[in-house]
Amino acid sequence: MAKNGTPSPRHGWATLLRSPRLLLAVWLVPVLLGLPFVLTVQALLAPVLGNLPADPAPGDLQLIVSGTLARSVAVLAVPVLLAVLGGWAWRVLWHAGIVRWRAWAAGRPQRLGELVGLGLMAWWRYARLSLVALVAAALVTGGIWAPATRLARDAVGRLDETTSVRIVLAAAALTAIVLLILWTATVRGLWELARPGRRSAALAWLRGLGGALRHPLASLGTLLAWAVPLLAVWAGSLAAVRALGPGIAGMAVLQLGALLTAACSIGLVGSFAPVTDLPPFPAPGQAARRTGAPVNKPQAVATAGETAP
Amino acid sequence: MQGRVVSVLCLVLALAAAAAAASPVPAGAPVTDTVAYTIAVELAPSTHTLLATETIRWRNTASVPAPDLMFHLYLNAFASNRTTFMKESGGTALRSSAPVEDWGWIRITRLQLPDGTDLLPSLAFIQPDDGNPDDRTVARVALPEPVPPGGAVEIELAFEARLPRVIARTGWKGDFHMVGQWFPKLGVFGDGGWNCHQFHANSEFFSDFGSYRVTVTVPEGWKVAATGVLTAEETVEEGDATERRVTFEAERVHDFAWAAAPSSLVRIVEGEFDPARDLPRPWLETASRTLGVPAAALDLPSTRLRLMIPNEQAFLADRDLRAARLALAWYGLHYGPYPYPQLTIVSPPVGAMEAGGMEYPTLITTGGSRWLAFPPLKWTPFVDAVVVHEFGHQYFYGMLASNEFEQAWLDEGLNSYAEASCMSAILRDGLIPELRPWPGDPWATNRVGLAGMPLPPTVDTFSWKFRTRHDYFAASYNRTAVALHTLEGLVGPDRFARAMREYALEWRFRHPTGDDFRASLEGSIGEDLGWFFDQAIEGDAVPDWAVLSVRQRHPRAVRGWEWKDGAWVEVAAEEKEKADGEGDGGPWTVRVDIGRKGDFRGPVEVELRWDDGTTERRRWDGLGRWVRWRFDGERRLESVIVDPDGRWALETRRADNYWRRKPDRGAVHRRLWWTAEVLRALAGLLAPWS
Ligand SMILES: [Zn+2]
């Protein structure tokens with residue numbers, strides 16, 4: 001099999017530094033996708049909340065908000081689905097785009113339109129990869145929790161609560177570890193799917209899983225190097241808004257947090273580029289960048305219409 | 001297990017005392033010795049069966065003779081899927097497919113008078129509520145001679161029972177046994193005959209006060225928790241087995257329950273409520289001020305606490321006991337001192353949760369979980385609120401003892417009101433450190449529960465006659481509690497607190513009805529409350545007020561013709577323009593329409609806030625559908641709020657109670673900015689798989 005490079009956060013940095021426009025898009029597109037939800041909530045609640053004083057009668061705020069939202073579940077479902085499914089589709093798109101661009105035109109300055117175009121061409125293939133990953137995660141989670149809940153319930157039936165708690169905690173820990181491995185497998189799979197001639201998303205994901213299992217420390221370490229700061233930034237920005245209040249300063253912190261989490265997301269995907277045989281990024285300012293010529297052999301890259309060798 | 005009947009314990013009767021008591025009791029007087037039960041029972045844990053003998057001495061406190069006796073045989077509710085209880089509960093509690101050992105029953109094997117007259121042949125099952133022939137939860141036995149008013153009768157019986165797998169707060173799970181509703185128990189005899197309802201899915205209980213002396217035999221090494229106090233304990237050799245025999249006695253109670261389990265499963269933790277240490281000082285000061293009673297007169301006695309808790313949940317013992325102490329303090333201050341020497345708490349193992357959250361006289365069951373050791377579950381008030389609620393039943397179920405079959409709200413509703421008041425005070429004063437992060441508000445929870453009802457239920461309905469089980473709970477618990485909170489708001493918290501305390505003290509041991517409760521409140525408050533009770537409790541009215549419209553205009557200029565000096569004169573042009581000027585300056589003609597969209601009529605306050613910074617409050621009697629107020633002057637309204645203090649807690653459609661001239665456009669963002677972040681987190685869950 002082809003030799004595998006070792007993923008490293010360093011590659012993520014390199015990708016990130018070369019993708020300022022993508023960073024803006026990864027930051028702003030989810031904001032736009034969330035806008036219908038924000039506007040719907042605003043439209044539903046502005047007429048009622050706008051009339052409230054700063055300190056309404058005790059309990060009224062909960063009653064009014066919960067009552068209005070409960071009556072509007074169907075109306076709210078549409079923007080929620082748009083944000084969740086739209087966010088998924090967009091992530092598939094830019095994941096595909098960045099992998100393709102890295103493989104196709106790594107030497108050239110990044111152009112967002114080109115990246116999106118490459119992503120669109122391979123979108124369905126990468127969507128299949130995502131569905132494979134989702135099914136795998138669901139199967140594994142179900143595979144852990146079906147027996148775990150049965151065992152835990154049996155233990156409760158024997159009035160042995162300690163054992164039931166241990167079973168649930170063990171299942172939770174196992175689920176967390178396994179899902180982290182599957183996440184790594186999925187990110188590796190993104191790059192596996194860029195290999196020349198690879199069209200099967202399932203096969204790419206399985207190869208990603210194989211790689212994750214063969215190089216668990218490097219894979220998980222790289223993943224966590226980005227995922228932990230991502231979660232920390234998100235939680236930190238929420239805590240900051242709680243402290244600052246939802247004014248301009250609070251919203252600025254929130255958006256800065258969103259920008260940083262977008263950066264972490266790009267860094268995370270980019271870190272796994274060495275999984276394929278792609279050459280490393282040339283140092284900034286090298287010839288390829290100036291000439292704008294593709295450093296990589298285009299024919300070595302699988303594209304949407306290509307047949308397997 | 002051999003079918004050995006435990007030897008009968010002799011009931012020593014003071015015949016002279018009985019003769020002295022042989023006169024009917026004046027109507028409404030507290031009676032705490034109508035009945036005396038002496039029971040000896042042995043538990044066979046492997047088969048979950050009970051073998052017992054029972055002596056009942058009953059006194060006729062009515063003014064008519066009693067020709068017969070009626071017994072509740074509650075355990076027969078779990079005999080099959082055809083009983084009234086099982087049919088009404090839809091079989092969800094005990095599936096029809098359950099193995100035969102999960103079902104339970106009770107059978108009287110001997111029934112006689114002290115002179116040996118056998119009454120068993122005349123024992124017959126009856127179904128006074130629904131005629132269901134498969135229901136054997138009520139039995140009637142004819143007496144050879146009627147018991148005259150003031151007279152007494154003593155009967156001796158033996159019975160065997162099989163406990164069901166834990167259901168409706170009684171039964172077994174593994175080695176844990178919660179033994180409630182377990183013995184043949186008399187109904188309540190009054191001038192209208194016996195009040196002895198079948199066991200229904202939605203109902204609780206009703207019985208006379210009396211004394212209990214119960215001896216329980218369990219295997220050695222087992223723990224027993226029971227109503228009353230432990231008065232005797234011995235170890236007996238029974239063949240090659242060693243058994244533990246414990247006796248509990250209780251006075252002035254109307255039921256007896258017990259729990260038993262091996263020490264490998266549970267432990268007993270002893271504690272105490274010491275008012276000098278455990279009564280929060282601010283509560284005492286506030287209560288003294290609110291109730292108008294000197295602090296010294298609010299003295300509470302100390303109470304022994306006895307907690308049976310699973311060994312695995314021993315870490316929760318302190319929390320259970322602390323909640324019990326706070327409940328003893330709150331209820332003691334507001335509804336009178338807890339008059340019994342001990343409170344027993346049983347926290348069933350997690351597999352036997354069906355036994356949790358129940359009240360018996362001087363014994364309550366709660367429920368915990370090992371998960372409560374971990375945040376965020378640790379920060380939820382599950383355990384504390386259940387302890388407070390079940391303890392509160394010692395008042396409304398235990399001492400006031402209304403007929404729960406027919407007026408469940410007098411117990412569950414009044415107690416839910418008291419529980420929400422107590423939990424609000426605990427949360428406000430931060431008296432349970434684990435609950436400090438808890439954002440919930442007990443009143444809001446009750447009101448949100450009511451807001452979702454498709455139809456408003458009528459509170460004062462027989463328990464089994466509600467349309468759905470949910471209606472029973474919403475009416476008996478939430479609607480009653482919130483209605484009382486509303487009344488508290490309308491008459492004022494101090495007057496209401498005094499009235500509730502007077503009711504709780506005046507009606508102790510007297511089985512008050514809903515009419516008694518209303519009359520007691522009216523007497524204390526000094527107002528006719530019929531209008532409120534008729535709509536909130538006897539009726540299903542729902543309050544809903546609204547600001548219908550607010551119109552603020554400059555006064556119209558005169559147009560057309562003016563009558564001047566006996567002739568019509570055209571209004572001058574400059575006159576037309578003068579008053580039509582734009583701008584914020586006056587004068588203004590203001591018109592406010594307030595409406596009553598609901599069918600609940602009653603007085604409501606309206607707050608008018610003017611642009612000159614002044615605020616005024618107006619009261620509308622709320623009898624008509626709407627009222628219109630006009631104001632002419634230099635100022636206009638900034639805001640209008642109907643019921644600005646939220647006194648009408650029963651009103652759950654509150655959005656239209658508020659009107660502002662300049663709506664606050666940033667309100668949604670300021671209050672709900674975090675919902676977009678929740679959505680982002682939701683979307684982020686898919687991130688690892690794309
Ligand atoms: Zn209750």
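Is Lys173(B) buried or exposed? In this predicted model, Lys173(B) has a relative accessibility of 16% and therefore counts as buried, the cut-off for that class being under 20%. The residue belongs to strand β8 of chain B, which covers residues 171–173.

The surroundings of Lys173(B) come from both chains. Leaving aside neighbours within four places in sequence, Lys173(B) is in contact with Gly157(A) and Leu159(A) of chain A, and with Arg165(B), Val166(B), Gly351(B) and Ala352(B) of chain B.

The next element to look at is a sheet in chain B. Five strands form this open sheet, in the order β18-β19-β20-β22-β21, and their pairing is mixed. At its edges are β18 (266–273) and β21 (358–360), each of which pairs on one side only. From one strand to the next, the twist averages 15°. Within the sheet, β20 (residues 342–346) and β22 (residues 363–365) of chain B pair in the parallel sense over 3 bridges. Val346(B) stands opposite Thr365(B) of β22(B). A helix also lies against this sheet: α6 of chain B (residues 382–399) packs on it and touches β20, β21 and β22 of chain B. The direction of α6 makes about 145° with that of β22(B).

Chain B also holds a pair of packed helices, α4 (residues 281–291) and α5 (residues 317–335). Their axes are 10 Å apart and meet at an angle of about 15°. Because angles under 35 degrees count as roughly parallel, α4(B) is roughly parallel to α5(B). The crossing of α4(B) and α5(B) is right-handed. On the α4(B) side, the contact is made by Trp283(B), Leu284(B), Ala287(B) and Leu291(B). On the α5(B) side, Leu326(B), Ala329(B), Trp330(B), Leu333(B) and His334(B) contribute. Sorted by class, the contact between α4(B) and α5(B) has 8 nonpolar residues, 1 polar residue and no charged residues.

Further along chain B is helix α9 (residues 469–491), which contains Asn478(B). Asn478(B) counts as buried because its relative accessibility is 17%. Not counting residues up to four places away in sequence, Asn478(B) touches Asn446(B), Gly449(B), Leu450(B) and Phe473(B).

Key: Residues are numbered from 1 along each chain as its sequence is written. Chains are lettered from A and ligands numbered from 1 in the order in which they are written. This is a predicted model: local features need pLDDT of at least 70, side-chain atom pairs count only at pLDDT 80 or more; totals for chains, interfaces and linings use all residues. Side-chain values use heavy atoms; hydrogens and water are left out. Helices (H or I, at least four residues) and strands (E, at least two) are DSSP runs, numbered from the N terminus. Buried means under 20% relative accessible area, exposed over 50%, partly exposed in between (1.4 Å probe, protein chains only). Contact means heavy atoms within 4.5 Å. Axes are lines fitted to C-alpha atoms, for helices over the stretch in contact, and angles run from 0 to 180 degrees between N-to-C directions. Angles under 35 degrees count as roughly parallel, over 145 as roughly antiparallel, 65 to 115 as roughly perpendicular and the rest as oblique. A crossing is left-handed if the near helix is turned anticlockwise from the far one by less than a right angle, and right-handed if clockwise. Ala, Val, Leu, Ile, Met, Phe, Trp, Tyr, Cys and Pro count as nonpolar, Asp, Glu, Lys and Arg as charged, and the others, Gly among them, as polar. Two strands pair if DSSP finds at least two bridges between them.
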